[in-house]
Every structure is written in C-alpha cells, then in structure tokens.
Amino acid sequence: MNAPAAPVLETEEHQALRAAVAALGKRFGRDYMARVTAAEGHPEELWAEAAKLGYLGVNLPEEYGGGGGGIAELSIVLEELGAAGSPLLMMVVSPAICGTVISRFGTEEQKRAWLPGLADGSRTMAFGITEPDAGSNSHRITTTARKDDDGSWVLNGRKVFISGVDIADATLIVGRTSDARTGKLKPCLFIVPRDAPGFGRRRIDMELQAPEKQFELTLDDVRLPADALVGDEDAGLLQLFAGLNPERVMTAAFAIGMGRYALKRAVEYAKERTVWQAPIGSHQAVAHPLAQIHIELELARLMMQKAARLYDAGDDIGAGEAANMAKYAAAEACVRAVDQAVHTLGGNGLTREFGLASLIVGSRVARIAPVSREMILNYVSHQSLGLPKSY
C-alpha cells in the first residue's frame with residue numbers, strides 16, 4: 001500500500017517519477033501537514049523541496065526552466081504527495097492552470113517573466129474565476145475589463161473562493177470584455193499583481209482546515225497595462241478551457257491521492273486490529289468494502305491518465321470529456337475511501353492519531369470544486385450522450 005504497482009499505461013520514466021515523489025512524500029507525510037495547518041502556516045519546506053527536485057515545473061517547457069513534460073507527469077506528483085498525506089493544493093492552481101495557460105498562450109515576455117519562477121517555486125500564481133452570483137455558470141461572470149484609449153485595461157468585479165491569494169505573487173483573473181463586432185461579452189484572462197491598486201481580498205472563514213486559505217476578491221477600477229492580457233483578446237473560451245481541463249485532471253489526482261492515503265491507513269489497521277482471535281481484515285464485511293475502494297481508485301486513475309494523455313496530445317475536446325469523467329470518478333472514490341476508512345477504524349478513525357477525521361470534510365471538496373458532480377453529469381448527459389439541456 002505504498003507506491004502502487006506500476007500501471008500498464010505508465011512509462012519507465014513515469015514509474016521512476018512516481019517512486020521518487022513517493023519517497024519525498026514519505027519524508028514529510030500527514031504529521032507535517034497537520035502541524036503546518038494547526039500553525040496557520042503554509043507547507044513552505046515541502047514546496048521548496050519539490051521545486052528543488054524539479055517536480056513543481058515538471059509540466060512546463062524546458063526552455064523556461066521546466067521539465068518539458070505535461071499534465072500526465074504533474075498529476076503523478078500530486079497524487080503521490082497526496083497518498084503520503086501531504087498534498088500541495090497550490091499545484092493545481094499555480095503550475096497546472098496558470099503555468100499551462102501562460103505557456104500555451106502567453107507572450108514571450110510573459111513566459112520569461114513567470115514560467116521560470118513557477119517552475120522553481122520562487123513565484124506562485126492564484127486563479128480567479130468563481131463569482132458569488134455566477135456559480136458554475138461561466139457565462140454569467142460579471143467581472144468586466146474595459147480598454148482605455150491608451151491601451152490599458154480597467155477591471156471591476158468580485159471573485160469568491162479563490163485559493164492561496166495570500167501567498168500568490170499575482171492572480172490570473174477571468175474577466176469579460178466587449179466584442180466590438182457583436183456587442184456581446186467574451187472571457188479574457190488577465191495577470192493581476194497582488195499589490196495592484198484597487199485589488200482587495202478578504203479571507204473567508206472556512207470549517208475546512210487546510211494550509212491553503214480561501215478568499216473573496218474585489219476589483220475596484222484595477223488599472224493594468226496592455227500586456228497584462230494573456231493571449232488573444234478574441235480567443236474566448238479556448239484559452240479558458242486550456243486551464244480548466246488541467247484543473248479537473250489535477251483535482252482527480254488530488255482526490256486519488258487522498259483516497260489512497262485513507263485506504264492505506266484502513267488496511268494497516270485491519271491487518272493488526274484483532275477482536276475475535278483473527279484480525280478484523282479477515283472478515284469479509286471489512287475486507288470487501290476496502291477491496292471495492294481499491295478497484296474504484298484504480299479505475300479513476302485510468303480515466304485520469306487518459307484525460308492527461310489526451311490533453312498533452314493537444315486534443316482539448318477529448319480531454320474535456322475525459323477530464324470531467326476522471327474528476328467525477330476520483331471524487332466519488334475518494335469520499336467512499338475516507339468514509340470506509342473511518343468506519344474500519346471505528347472510534348479511532350475520529351482521533352488525531354490516525355489523521356482521518358479531517359479528511360471527512362476535505363474529501364468532499366473534490367465533489368464540489370472546481371465543478372460540482374451534478375454539473376459534470378449535465379456535461380456528460382448532453383455532450384457525451386446527446387441528451388437535451390435543461391438549462
């Protein structure tokens with residue numbers, strides 16, 4: 001129950017990466033993350049070590065300090081750290097979403113300014129799309145960007161549930177600009193420095209205990225230079241989904257890692273805990289649910305690997321379907337893994353010693369963020385099955 005048997009779809013390089021990251025995760029583990037969280041801190045030591053070993057930028061281009069890999073490699077890193085009990089949620093945001101968008105669509109200046117820092121961990125970037133009144137409907141985003149006569153941009157709006165803004169050097173904000181041809185609003189991406197005048201943040205008081213804090217953002221006449229725009233002003237949803245598909249793949253990796261951690265603790269306990277002459281793991285009422293969870297996690301990983309490969313191959317449409325399915329499957333498997341692990345341990349499953357109780361809340365995150373399971377079912381029903389929309 002440490003690093004899993006080498007999956008058929010993985011190359012020798014992937015297997016070596018998985019083993020190396022698992023070793024790093026073991027050096028830190030759940031106790032480290034629990035201490036950081038209790039101290040209201042950030043996992044700076046683990047972040048720095050992962051960066052030093054080249055894991056944070058494994059998906060970014062080599063010419064900008066990255067590893068030259070893709071989301072397939074980055075998802076391995078996050079999964080293995082999660083399986084060790086020390087996941088880095090900002091990996092989903094900084095290198096996966098923001099790094100990918102900038103490497104695909106940014107100007108040469110933007111790439112040189114941001115990618116080396118994102119790769120070596122010296123710079124981080126948050127991602128701001130969710131709004132209080134828009135929910136999962138990106139077409140209702142009300143944050144607007146107006147271009148002034150001098151070419152600069154002025155942003156106004158609000159964002160909510162934005163992770164890691166307190167430690168990020170900038171936030172990649174999704175706004176909407178007016179299309180001169182149609183008069184309609186279209187999504188665009190802007191790099192907003194943390195100290196930009198008019199850019200405010202308020203921490204949201206969450207029951208969820210995690211190093212990565214959540215924030216509400218306000219943009220009040222935030223003025224940005226022309227080169228703050230990432231990519232083509234007319235690209236619209238293409239650039240947005242270039243970031244959202246990796247986000248879903250990485251959320252799946254996050255959930256699979258967490259599920260593996262919970263399953264490992266449950267299996268270890270079931271092997272040792274003896275009540276009636278034999279370990280409780282010998283009883284099918286305990287063994288079979290754990291076996292089912294192992295199957296579900298393995299199946300979710302296969303879909304995640306498919307999604308990552310499609311994305312890295314440039315198939316954005318195919319990756320969109322697979323990434324949504326992977327995120328759904330991984331989230332469901334993770335929740336079941338945590339629930340069954342707690343049940344296997346009984347009262348011990350709620351103690352700090354075993355590190356499972358906090359995952360009861362944490363595992364639900366993958367079900368609702370960055371997109372709810374219901375919206376994924378909507379996507380699959382009308383995109384994959386061709387059924388009519390209800391909205």
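Predicted model: local features only at pLDDT ≥ 70, side-chain atom pairs only at ≥ 80, totals over all residues.
## Two helices side by side

Let's start with helix 7, which covers residues 284-312, and helix 8, which covers residues 316-345. Two packed helices are described by the angle between their axes and by the distance between those axes. Here the angle is about 160°, and the axes lie 8 Å apart. Angles over 145 degrees count as roughly antiparallel, so that is the label for helix 7 and helix 8.

There's a handedness to the pair as well: helix 7 passes helix 8 in a left-handed crossing. As for what sits in the contact between helix 7 and helix 8, its residues split into 21 nonpolar, four polar and four charged.

Now for the charged side chains. Side chains of opposite charge can pair when their charged atoms come close. How many salt bridges does the structure hold? The count is 23.

One of them joins the side chains of Arg 18 and Glu 10, with 2.4 Å from N to O. Both Arg 18 and Glu 10 are buried.

Another pairs Glu 49 with Arg 27, and here the closest N and O atoms are 3.5 Å apart. This bridge links distant parts of the chain: Glu 49 belongs to helix 2 (residues 44-52), while Arg 27 belongs to helix 1 (residues 12-38), 22 residues apart. Are these two partners buried or exposed? Glu 49 has a relative accessible area of 18%, so it is buried, given that buried means under 20%. Arg 27, on the other hand, is exposed, with a relative accessible area of 55%.

## A loop tied to a strand

Next up is Glu 131, which forms a salt bridge with Lys 159; their closest N and O atoms are 3.0 Å apart. Glu 131 sits in the loop between strand 1 (125-128) and strand 2 (144-147), and Lys 159 is part of strand 3 (residues 153-163). The pair therefore ties together parts that are 28 residues apart in sequence.

Key
Residues numbered from 1 in each chain as written. Heavy atoms only, no water. Axes fitted to C-alpha atoms, helices over the stretch in contact; angles between N-to-C directions. Helix = DSSP H or I, 4+ residues; strand = E, 2+ residues; numbered from the N terminus. Parallel < 35°, antiparallel > 145°, perpendicular 65-115°, else oblique. Left-handed = near helix turned anticlockwise from the far one by under 90°. Nonpolar A, V, L, I, M, F, W, Y, C, P; charged D, E, K, R; others polar. Salt bridge = Lys/Arg side-chain N within 4 Å of Asp/Glu carboxyl O. Buried < 20%, exposed > 50% of the residue type's maximum accessible area, 1.4 Å probe, protein only.
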